[in-house]
Amino acid sequence: MDDVFHQLRKARETKGIELKDVEEVTKIRTKYLQALEEGNFGILPGGVYAIAYLRSYARFLGLDADSLVHTYRMKVNEPNLETRSEISPKKETGLIFRFLKANSLRALRR
């Protein structure tokens, strides 16, 4: 999977382009470009920004932007076992319901 994103670095280095030059043209900060090349999604801003950065960078390099965006979306949506909640869904639903009920009552009292 990470090899897909290393395509970005390989394409850039093959063309002899420095990250600062890419930043000047694409207006994407160097730290985000490096994160894209390394597949380090935690550094990237969320949602549409990350996808727009990836699409813009891939197009700049002449790569298949749609394929890379699809791969990115698959990687980001992949379930991460370490971040799963230890609370059972039934208990979590109860907690959410109690929170909403308490906040609704507060709103009505105002």
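**Ground rules.** I note that residues are numbered from 1 along each chain as its sequence is written, and that this is a predicted model, in which local features need pLDDT of at least 70 and side-chain atom pairs count only at pLDDT 80 or more, while totals for chains, interfaces and linings use all residues. Side-chain values use heavy atoms, with hydrogens and water left out.

**Salt bridges.** I looked up the salt bridges (a side-chain nitrogen of Lys or Arg within 4 Å of a carboxyl oxygen of Asp or Glu) and found four of them in the structure.

One of them joins the side chains of R9 and E38, at 3.6 Å from N to O. R9 sits in helix α1 (residues 2-14) and E38 in helix α3 (residues 30-38), so I write down that this pair links distant parts of the chain, 29 residues apart; I take helices as DSSP runs of H or I with at least four residues, numbered from the N terminus.

For accessibility I use relative accessible area with a 1.4 Å probe and protein chains only, where buried means under 20%, exposed over 50%, and partly exposed in between. R9 counts as partly exposed at 26%, and E38 is also partly exposed, at 39%.

Next I looked at E37 and R12, whose side chains meet in a salt bridge at 2.7 Å, N to O. Because E37 lies in helix α3 and R12 in helix α1, this pair ties together parts that are 25 residues apart in sequence. Both E37 and R12 are buried.

I then turned to R55 and D66, which form a salt bridge at 2.7 Å, N to O. This pair links helix α4 (residues 47-61), which holds R55, to helix α5 (residues 65-77), which holds D66, and the two residues are eleven apart. D66 is partly exposed, with a relative accessible area of 49%.

I also note that salt bridges with shared partners join R9, R12, E37 and E38 into one network.

**Aromatic pairs.** Which kinds of ring pair are there? I count rings of Phe, Tyr and Trp (its six-membered ring) as a pair if their centres lie within 6.5 Å, and call planes under 30 degrees apart stacked, over 60 edge-to-face and the rest tilted. The structure holds three aromatic pairs.

Y32 and Y53 are stacked, at 5.5 Å centre to centre with 25° between the planes. Y32 lies in helix α3 and Y53 in helix α4, so the pair ties together parts 21 residues apart in sequence. Y32 is buried, at 13%.
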